[in-house]
Amino acid sequence: MVPMSYFVGLSAVLFAIGVAGVLLRRDIIVIFMSIEIMLNAVNLAFVALARRLGSMDGQVIVFFVMTVAAAEAAVGLAIIISVFRNRETVNADEINLLRG
Amino acid sequence: MTAQFPALALILLFPALGFVFNVFFGRRAGRGAVNLAGPGVIFLAFAIALWGFARLLAMPPGAALEVTLWPWIVAGQFHTAIALRFDALSAVMTLIVSGVGAVIHLYSVGYMAHDEDYARYFAYMNLFALSMLVLVLADNLLLMFVGWEGVGLCSYLLIAFWYDNAQFAYNGRKAFVVNRVGDAGFILGILTILSALAAHGVWTLNFVGLQAHSAMLAPVATLAGLLLLLGATGKSAQIPLYVWLPDAMVGPTPVSALIHAATMVTAGVYMIARLHFLYTLTPDAMYVVAVIGTVTAFFAATVAVVQTDIKRVLAYSTISQLGYMFMGVGAGAFAAGIFHVMTHAFFKGLLFLCAGSIIHALDGEQDMTRMGALWRRMPITYATMLAATLAISAVPGFSGYFSKDLILERTFAAGYGGLWLIGVVTAGLTALYMFRLLFLTFHGSSRVAPDKHVHESPPVMTVPLIILGVLSVVGGWVELPAGWLWGGAFTRFLTPVFGPFRTEAAHGAAAGAIGMVAMLATFIGFALAYILYIQTPSLPGRIATGASALYRLLVRKYYVDELYNLVFARFLFWGSENVLNRGVDRGLIDGIVDGAGLGVEEAGEMTRRSETGNVQVYAFVYLIGAVGIVAAYAYLVMVR
């Protein structure tokens, strides 16, 4: 058996990579990809714990997370296209109209 | 015995309505409405006062009409109400204020006809009438003080009526500030009285109550009396606080007539008379009152003799005559003092109105050296002014004779021979400067500038002159000497309020001789005036150059204004400009207000910097928050 701590550890590392990507990358599409990484890391943690605890709850939550991720990706990409049409850029640093 | 008389409130209500009307609707309603409303409400108040007076006469002596309007201060045991009391003394004062006031309001319709601000003028005049009536009708010391302050305010507003002129505005402020010094004394006096009563558990400032407990006031009587006297010297222009009155002459002449001759300035005398029970407890304070009155009377008369501005002569004359009133009440002759208040209101009010008539006819000229030979062209003004001059000079038969003579006689009877003598000399001076005024203005050769169109005043101005003229002649006949017809009627009317004058013995030969001396002084004054200003007009000029130092001293009013300026005013102005204006007002208060605004601006600037517009920064902050919550949860739930 692979110890569960490996799965949770991997999940944590993946999540951290996702966070770093969201905070540090300039390209909006890359930021979205990082968000997907974060969601999948969470999925991994849920599944591993479900297997360990013998409960189906974790597996069912994964379904929900995947659904939400898909819907969110669709909407997000639509927003990116709209932003690009108006601003001619996908550089997060340059989209700062809310700057005070 | 007292009876309720709710209509008393109308005496206050009518002027109040007049004030409100003139303030809010005066301009829009037009001159006609204001000319009706302004004087009209005072005539109505006078009518109500007459009604009350008739009621009072029908009641036994010592009766009073009262009404309580509403409770005012209820603080523990201290209760004060807005309540009015119409006894013999306040009846006399109310009739004077509303009667002479109504006549002067009517005169103002003519005098202020060319002025743009007629609505504001009548608004202030009505407000003054309201305040003065509150003062004389109040049944307690606190409400009287409210009226006291109100007349001071209106005096300021009306002196500085033509406020575009910086000097006029300054004189208004000077009047108010000097008055305030007196008011400080007044307030301290009230507190002294209250503290003395409170020590015995009595908490009232009601005049009836004060009189009932006057025994408790004995220990503080002198102190309270002197403090209240300070207030009286401010309001009634006595030494040391008289300096505002001559400068108050820059206001419209009807204002000078009403406020600075007939009514407001008598408030001090009224106050002392009202509190006679306090003053009779302290012969020392009464002596101070009498001395101040006498010295002021003499001092002001000497200055009046050399002034060339017609209104200034009358101003100093007012100060002098008020001195007589103080002399009277200081000697214990309260009724005599009030009697002189009444006759003075008639003849001094008339003198000012006549002066206004002349000024009006000469298109603003007030310098007597540029008048002369006016009697043919202004006969009504001349006749009434002559009547007033005879009255003030205490020529037998005229009103002033009876009142001034009564004061002098009773001062002598009270044992103040020295004061009596100074009073007699002052009477001579009075005749001198008044006939000087008359001769310079109406007689002699005309020194009027050729472009002046001299005309008699319109009836709306001359009718008041005639009314007051008649009163100046007959007004004194209410108090004939004892033994003649209804002798002593006026003093008998007031006796239930004051008690009898302490020494009624001064009758017969002694009284006769005293009266003769006063009449002699008057005649000498008249004769001197005739010699100096009719017979040999060049003589005054030669005397002036001959005794130039003395002459300069008198013309410059003994340099008192300069002295006050040096000792008090300069320091106060410096303090006001540098400490209060720059330091407190601009520095502290503006600093706090502006500082609050600047502070908020600074805080805003600092928080603005968090709005970077960069989504990733926002996400980072979000992350920190989330970590914080998890850490807190871990700490609180798992560790504990």
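These are questions and answers about how some labels for this predicted model are reached.

User: What should I keep in mind before we start?

Analyst: The model is predicted, so local features need pLDDT of at least 70, side-chain atom pairs count only at pLDDT 80 or more, and totals for chains, interfaces and linings use all residues. Residues are numbered from 1 along each chain as its sequence is written, while chains are lettered from A and ligands numbered from 1 in the order in which they are written.

User: Why are α16(B) and α19(B) called oblique to each other?

Analyst: Start with the angle: the axes of α16 (residues 310–330) and α19 (residues 399–413) of chain B cross at roughly 40° and come within 9 Å. Axes here are lines fitted to C-alpha atoms, for helices over the stretch in contact, with angles from 0 to 180 degrees between N-to-C directions. Angles under 35 degrees count as roughly parallel, over 145 as roughly antiparallel, 65 to 115 as roughly perpendicular, and the rest as oblique. The pair is therefore oblique.

User: Which residues of α16(B) and α19(B) meet?

Analyst: B:Y324, B:M327 and B:G328 in α16(B) meet B:K404, B:I407, B:R410 and B:T411 in α19(B). Two residues are in contact if their C-beta atoms, placed from the backbone, lie within 7 Å. By class, the residues of this contact divide into three nonpolar, two polar and two charged. Ala, Val, Leu, Ile, Met, Phe, Trp, Tyr, Cys and Pro count as nonpolar, Asp, Glu, Lys and Arg as charged, and the others, Gly among them, as polar.

User: Why is B:A373 called partly exposed?

Analyst: B:A373 has 15 other C-beta atoms within 10 Å, so it is partly exposed. B:A373 sits in the loop between α17 and α18 (379–392) of chain B, and has a positive phi of about 55° although it is not a glycine.

User: And what of B:A198: where is its place?

Analyst: B:A198 belongs to helix α7 (residues 166–198) of chain B. B:A198 also has 15 other C-beta atoms within 10 Å, so it is partly exposed.

User: Which residues touch the most other members of the largest nonpolar core?

Analyst: They are B:F128, B:L133 and B:I338, in a core of 211 residues. Helix α17 (residues 334–361) of chain B gives the most to this core, with 18 residues. A nonpolar core is a set of buried Ala, Val, Leu, Ile, Met, Phe, Trp, Tyr and Cys residues joined through C-beta atoms within 7 Å.

User: How many helices and strands are there in chain B?

Analyst: Chain B has 27 helices and three strands. Helices (H or I, at least four residues) and strands (E, at least two) are DSSP runs, numbered from the N terminus.

Key: A residue is buried if 20 or more other C-beta atoms lie within 10 Å of its own, exposed if 12 or fewer, and partly exposed in between; C-beta atoms are placed from the backbone.
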